Amino acid sequence: MRRHRLIVPSTAAAAFLLLAVPASAADATPGAPGAGDSYYPEDGNGGYDVSHYDLRLKYQPKTDRLEGTATLLATPTQALSRFNLDFTLDVSEVLVGGRKAAYKQSGAHELEVTPAGPLEQGKPVSVVVRYSGTPSTVKINGYTAWKRTPDGAVVAQEPQSAAWWFPSNDHPTDKATYDVSVSVPDDVQAISNGVLASQSSKLGWTRYNWRSTKPQASYLTTLAVGKFDITTGTTESGLPVVNAYSKDLGENLPSAKASIERTAEITDWASTVFGPYPFNAVGGYVPNVKSSYALETQTRPFYSPASFTSGANQQIVVHELAHQWFGDSVSVKDWRDIWVNEGFATYAQWLWSEKEGEGTAQELAEYVYNGIPADNDFWKVKPGDPGANRQFDRAVYNRGAVALQALRNTVGDKTFFAILKQWTTENRYGNASVQDFVKFAEKVSGKKLAPLFDTWLFQPSKPSTLPAPAGTGPAKAAKSLKAGVTAPKSWKKIQDAERAHRH
């Protein structure tokens, strides 16, 4: 019999062994199951940042079956013993750093992942998730963002949409770049964000490889599968434009095209007002869905056919394209900051109205201010923090836009438009809050503006007065505040677009 001698390490050797285990691993703890958002505390996750998503998918429209392999490149922001992803489909395998990880699904949309060993803070790691399922059958809080169409499906929703088709850190504060590769039967096409990098067919299936190379929030990542008529072109600056229209839009097709085919023109105009366009492509798509909303999905906004039942409406295109700067490039820090998205996109419509000679921004502001009585619930909504149940209230849009006209009147046109351009430039691809904008406007203008913003964004009552345009005398200001009996020509189209943007 062979005997084994028990070796007890010396004190020095024991210390060495302890040092061999990274301190971060020894201190590893689970990441938070939510990002801590004021309105949606369970959305997103803590403990890591994702820099890139590689999604390799296969979708069969006839059965609504989706199969996928998602590869996430992530960096732990703490020593992690476990972390969460937001996801709802059936998972068959998870690998972290190339090693199999344990996983379980919990709550409404949580995928809890436990790596084979602790993850070090600051050390990048790959996460691979293999999955499948029928997205349209999955409900989160009673609804689904995945919509079936007669020839396929589309996913586009705010504030959540990713969990129905890929695992993610689903909050706007964790943006990433994307490769979305989708294999579909030859008789349909797949539309997503960014640029179509390649396309290939084999054995009755065609794979579309879409690439988004600028930071993108998960809810702004979209997918549409169906039979589309596709138009292409470029803006004056050379940006590729891709627009797609479902082949079965019927009588809505001409008005949809008359609106969305002006995308290049509107993008070029917006670039002169808000600064250079922040992404590598632009366009829009209209699938045959029964929904009635639109969404600023990055580089390729989603439009419902219902948006065009009354004819062409360039105002809705202006709104969604303005979001490419306000909401997509500069995104909210917290969903209570929705005004930095919607107030600005609405004001862009007012500026387009000025350009088209259909009513100035001042006339539109006066119409809102004078046309809505002080006892109307409209004035009780605080655009700067409306609450989750009124996040897309009309006051966020219209009162939010009046707030910007009040700012413009207070600081003058030159300073106002300098604020807009510098805001989108200095915060490009980042996140910002309402308070961030207030401080930024004060810095650029050299004026104390916090009381003005408090009045228009945070008080649940009608402001006592609408500031007159800079340089306007008292008599003219008093006269202007009696105006607004007749709606500016652009008003109806602007309101139609606003209704289409409520989710």
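## Helices 6 and 7

Y347, W350, S353 and E354 of helix 6 meet A361, Q362, L364, A365 and V368 of helix 7 (contact means heavy atoms within 4.5 Å). Helices here are DSSP runs of H or I with at least four residues, strands are E runs of at least two, and both are numbered from the N terminus.

Helix 6 covers residues 339–356 and helix 7 covers 361–371; they pack at about 125 degrees with axes 8 Å apart. The axes are lines fitted to C-alpha atoms over the stretch in contact, and angles run from 0 to 180 degrees between N-to-C directions. That makes helix 6 oblique to helix 7 (under 35 degrees is roughly parallel, over 145 roughly antiparallel, 65 to 115 roughly perpendicular, the rest oblique).

## About the model

This is a predicted model, where local features need pLDDT of at least 70 and side-chain atom pairs need 80 or more, while totals for chains, interfaces and linings use all residues. Residues are numbered from 1 along each chain as its sequence is written, and side-chain values use heavy atoms, leaving out hydrogens and water.

## Helix 5

Helix 5 (residues 314–322) is mostly covered, with 9 of its 9 residues buried (under 20% relative accessible area with a 1.4 Å probe, protein chains only; over 50% is exposed, in between partly exposed). H319 and E320 are among them. At the start of helix 5, a side-chain oxygen of N313 comes to within 2.9 Å of the backbone nitrogen of Q315.

Eight strands form an open sheet with mixed pairing, in the order 6-5-9-3-2-12-15-14 (strands pair if DSSP finds at least two bridges between them). Strand 6 (99–100) and strand 14 (195–202) are the edges.

Methods: A polar contact is a pair of N or O atoms within 3.5 Å; within protein, one must be able to donate a hydrogen and the other to accept it, and residues adjacent in sequence count only if both atoms are side-chain atoms.
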